[in-house]
Amino acid sequence: MDIPAFLKPLRQYPNVIVQFIERIPGIPGSSDRDQIIELLEPSHRAEIERLGARWKYLRRAEQVHGNKVALVGDIGSNYPIEGVDGLACSGKADCILGIYVADCAAVWLYDKVSHGRALLHSGRRGTELNIVSNGVEYLRKFCYGTPSEIVAVISPCIRPPHYEMDIPGTIRTQLIECGVLPENIHDSGEDTAADLGRFYSYRMEKGNTGRMLALFGRVVPETQTPCFPEVNP
């Protein structure tokens, strides 16, 4: 499948893998999150492999609508890391970060110098709790990042008039307050509730829906050298 145009600001960097997997035709929605993720897995797995990443290095967050972030690496499993809504890794890690959304925003953070990356789940509650500030701090503290060198991209998500809160607008303000330069913040501008042909929308489909999958990795080299184990403070 094609990589959405809104991810172009990240695709320009060498060896970066990004994708936002939209609605998969022919798979019925479900009110059971685990069930729908299982149904979508074959399609998602195939796309990850097509991108040049490895399914076994997929790292996922439990996504509890909080603001905690975990540092991940190549050692571990692709079972969801409990209690977190964000993932970060060094520029040397071959793991691929994954976040599921269906109206909430996925936020990609990439440090142009250290190549550290983070992927965050920022819905209403996560945005209110300012999860992006924790993502920026993780890149600074653990991945030798600098806020002014971070490129941020905000995925399609629910927006006014279909939702009472301007999630992407708030995220943008929070990123600027963290030191991310305005010109390095890119919003897809797309409303998941406005196009059910492309996107899943928890609100518009009254919970009987699927999940899009945001991905953030790097091209896997011929030889694999493990980097950092998971850290879940």
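**Exercise 1. Which element gives the largest share of the lining of the largest pocket, and how many residues does that share hold?**

Before you start, note that this is a predicted model: local features need pLDDT of at least 70, side-chain atom pairs count only at pLDDT 80 or more, and totals for chains, interfaces and linings use all residues. Residues are numbered from 1 along each chain as its sequence is written, and side-chain values use heavy atoms, with hydrogens and water left out.

*Solution.* 

Step 1: On a 1 Å grid over the protein atoms alone, a pocket is an open set of points where a 1.4 Å probe fits, with protein on both sides within 12 Å along at least five of seven lines; lining residues have an atom within 4 Å of a point. Grid points are joined across faces, edges and corners, and the volume is the space filled by probe spheres set on the points. Helices (H or I, at least four residues) and strands (E, at least two) are DSSP runs, numbered from the N terminus.

Step 2: look at the pocket. The largest one holds about 540 Å³ of space. Its lining has 26 residues, and those nearest the centre are Arg33, Gln63, His65, His121 and Arg211.

Step 3: find the elements. Two or more lining residues come from each of helix H2 (33–50), strand S5 (96–101) and helix H3 (124–128). The largest share is that of H2, with five residues.

**Exercise 2. Sort the lining of the largest pocket by residue class.**

*Solution.* 

Step 1: set the classes. Ala, Val, Leu, Ile, Met, Phe, Trp, Tyr, Cys and Pro are nonpolar; Asp, Glu, Lys and Arg are charged; the others, Gly among them, are polar.

Step 2: You get 11 nonpolar, four polar and 11 charged residues.

**Exercise 3. Take His121: is it buried or exposed, and what does it touch?**

*Solution.* 

Step 1: His121 sits in strand S7.

Step 2: check its accessibility. Buried means under 20% relative accessible area, exposed over 50%, and partly exposed in between (1.4 Å probe, protein chains only). His121 has 4% relative accessibility, so it counts as buried.

Step 3: list its contacts (heavy atoms within 4.5 Å). Leaving out residues up to four places away in sequence, His121 touches Gln63, His65, Asp85, Ile99, Tyr100, Val101, Cys104, Ala105 and Ile131.

Step 4: look for a polar contact. That is a pair of N or O atoms within 3.5 Å; within protein, one must be able to donate a hydrogen and the other to accept it, and residues adjacent in sequence count only if both atoms are side-chain atoms. The side chains of His121 and Asp85 make one, at 2.6 Å.

**Exercise 4. Examine the backbone at Asn15, Lys206 and Pro161.**

*Solution.* 

Step 1: recall the background. Most residues other than glycine have a negative phi, and most peptide bonds are trans.

Step 2: take the positive phi values. Asn15 has a phi near 70°; Asn15 lies in the loop between helix H1 (8–11) and strand S1 (16–21) and is partly exposed at 48% relative accessible area. Lys206 has a phi near 55°; Lys206 belongs to the loop between S9 and strand S10 (212–218) and is exposed at 75%.

Step 3: take the peptide bond. Pro160 and Pro161 are joined by a cis peptide bond, with omega about 10°. Pro161 is in the loop between S8 and H5.
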